[in-house]
Amino acid sequence: MMKQLWINLPVHDLNRSKEFFRSIGVPIMENRHETDQMVGLVVGNPQVQIMLFPDEQFKRFTQNDLTDTNESTEVLFSISVDTKEELDETIGKVKQAGGFVFSEPTERNGLYGAGFADLDGHRWNLLVM
């Protein structure tokens with residue numbers, strides 16, 4: 001039986017990515033095995049673990065090339081937040097931390113949302129449900 005889900009993402013600079021996510025309010029997993037080869041993020045309740053790996057290590061796992069996030073998008077991570085204010089605040093932190101907001105906060109189809117790309121071009125969508 002499948003029990004847990006870990007999402008694995010390649011990053012160019014592990015420490016820089018860790019600081020980006022920490023600065024926008026994403027909890028960093030306190031891992032006694034944390035090295036310069038992996039950083040864990042925790043999102044949601046129930047928790048989903050997102051593991052960041054340096055590009056070369058990630059390529060060893062997957063045994064193929066990485067998606068060029070400047071040219072295409074492989075996945076969009078959608079995360080709910082409680083309030084419009086929380087969403088707006090997070091988008092402000094993303095801008096301050098060097099992320100790229102590709103969709104400013106707006107109301108669409110009864111949902112308030114925004115989208116941003118992290119330092120490595122991975123795309124994230126925030127929604128107030």
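A polar contact is taken here as a pair of N or O atoms within 3.5 Å, where, within protein, one atom must be able to donate a hydrogen and the other to accept it, and where residues adjacent in sequence count only if both atoms are side-chain atoms. The model is predicted, so to speak of local features a pLDDT of at least 70 is needed, side-chain atom pairs count only at pLDDT 80 or more, and totals for chains, interfaces and linings use all residues. Residues are numbered from 1 along each chain as its sequence is written, and side-chain values use heavy atoms, with hydrogens and water left out.

From its side chain, the backbone nitrogen of His-12 is reached at 2.7 Å, and a polar contact of 3.0 Å is made with the side chain of Ser-17. Asp-120 is buried but has no salt bridge, the nearest side chain of opposite charge being that of Arg-16, 6.6 Å away. Here buried means under 20% relative accessible area, exposed over 50%, and partly exposed in between (1.4 Å probe, protein chains only). A salt bridge requires a side-chain nitrogen of Lys or Arg within 4 Å of a carboxyl oxygen of Asp or Glu; Lys and Arg count as positive and Asp and Glu as negative, while His and the chain ends are not counted.

Strand S2 (residues 39-43) comes next. Five of its five residues are buried, so the strand is largely enclosed by the rest of the structure. Val-39, Leu-41 and Val-43 point one way, and Gly-40 and Val-42 the other. S2 runs antiparallel to strand S3 (residues 48-54), joined by five bridges, and Val-42 has Gln-49 as its bridge partner in S3. Two strands pair if DSSP finds at least two bridges between them.

Phe-58 lies in helix H2 (residues 55-62) and, at 12% relative accessibility, counts as buried.

Methods: Helices (H or I, at least four residues) and strands (E, at least two) are DSSP runs, numbered from the N terminus.
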